Amino acid sequence: MSHSVKALKMPKWGMAMKSGTVISWLVEEGADLDVGDEIMEIENEKVTGVYESPVEGKLRRCLVAAGETAAVGALLGIVASATTSEERLDDFVARFGAP
């Protein structure tokens, strides 16, 4: 598996969506993800839906807790191999911009 770090970002479900609330994480940190796995429920003003993983790898961090709201495009979590260092993950979050 690659040592690249991949972002899980707040999706934009509809033209007017500016933010969404993470209702619940359906997987825990450390879970192995495949593309299409259901990983969290998100709610906005008009819809509640399931967020499917756009990438494969290990869910290394959940950055927005259940019940918290984040802007469209905000970093919700990160996926990387188990061998990716914590320092590399910290650097990725810092460069992306913390939620």
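Two strands count as paired if DSSP finds at least two bridges between them. On that basis, this predicted model contains an open sheet of 4 strands, ordered 5-4-2-7 and paired antiparallel. Strand 5 (48-52) and strand 7 (69-71) form its edges, each pairing on one side only. On average, neighbouring strands of the sheet are turned by 40° against each other, direction ignored.

Inside the sheet, strand 2 (residues 19-25) and strand 4 (residues 38-43) run antiparallel and are joined by 4 bridges. W25 stands opposite M40 in strand 4.

The sheet is one part of a chain whose secondary structure comes to 1 helix and 8 strands. Read from the N terminus, the order of elements is β-β-β-β-β-β-β-β-α. The chain has a radius of gyration of 13 Å, close to the 13 Å that the globule rule gives for 99 residues, so the chain is as compact as a globular protein of that length. Along the principal axes, its C-alpha atoms fill a box of roughly 40 × 25 × 20 Å. Taking contacts between residues at least 6 apart in sequence, 58% join residues at least 24 apart.

Next comes the interior. Of the 99 residues in the chain, 40% are buried. In soluble globular proteins, nonpolar side chains tend to be buried together. The largest nonpolar core here has 18 residues, and within this core L8, I39, M40, L59 and L76 touch the most other members. Strand 2, strand 4 and strand 8 each supply at least two residues of this core, and strand 4 gives the most, with 3 residues. Apart from this core lies another, of 8 residues, including L75, L89, F92 and V93.

M40 links the account of the sheet with that of the core. This residue stands opposite W25 and is among those that touch the most other members of the largest core. Leaving out residues up to four places away in sequence, M40 touches V22, S24, W25, L26, G49, V50, Y51 and L76.

The last stop is a loop residue. T84 is found between strand 8 (75-80) and helix 1 (86-96). Is T84 buried or exposed? The cut-off for buried is under 20% relative accessible area. T84 has a relative accessible area of 4%, and is therefore buried. The side chain of T84 also makes a polar contact of 3.0 Å with the side chain of S81.

Technical notes: Residues are numbered from 1 along each chain as its sequence is written. This is a predicted model: local features need pLDDT of at least 70, side-chain atom pairs count only at pLDDT 80 or more; totals for chains, interfaces and linings use all residues. Side-chain values use heavy atoms; hydrogens and water are left out. Axes are lines fitted to C-alpha atoms, for helices over the stretch in contact, and angles run from 0 to 180 degrees between N-to-C directions. Buried means under 20% relative accessible area, exposed over 50%, partly exposed in between (1.4 Å probe, protein chains only). A polar contact is a pair of N or O atoms within 3.5 Å; within protein, one must be able to donate a hydrogen and the other to accept it, and residues adjacent in sequence count only if both atoms are side-chain atoms. A nonpolar core is a set of buried Ala, Val, Leu, Ile, Met, Phe, Trp, Tyr and Cys residues joined through side-chain atoms within 4.5 Å. Contact means heavy atoms within 4.5 Å. The radius of gyration is taken over C-alpha atoms; the globule rule is 2.2 Å times the number of residues to the power 0.38.
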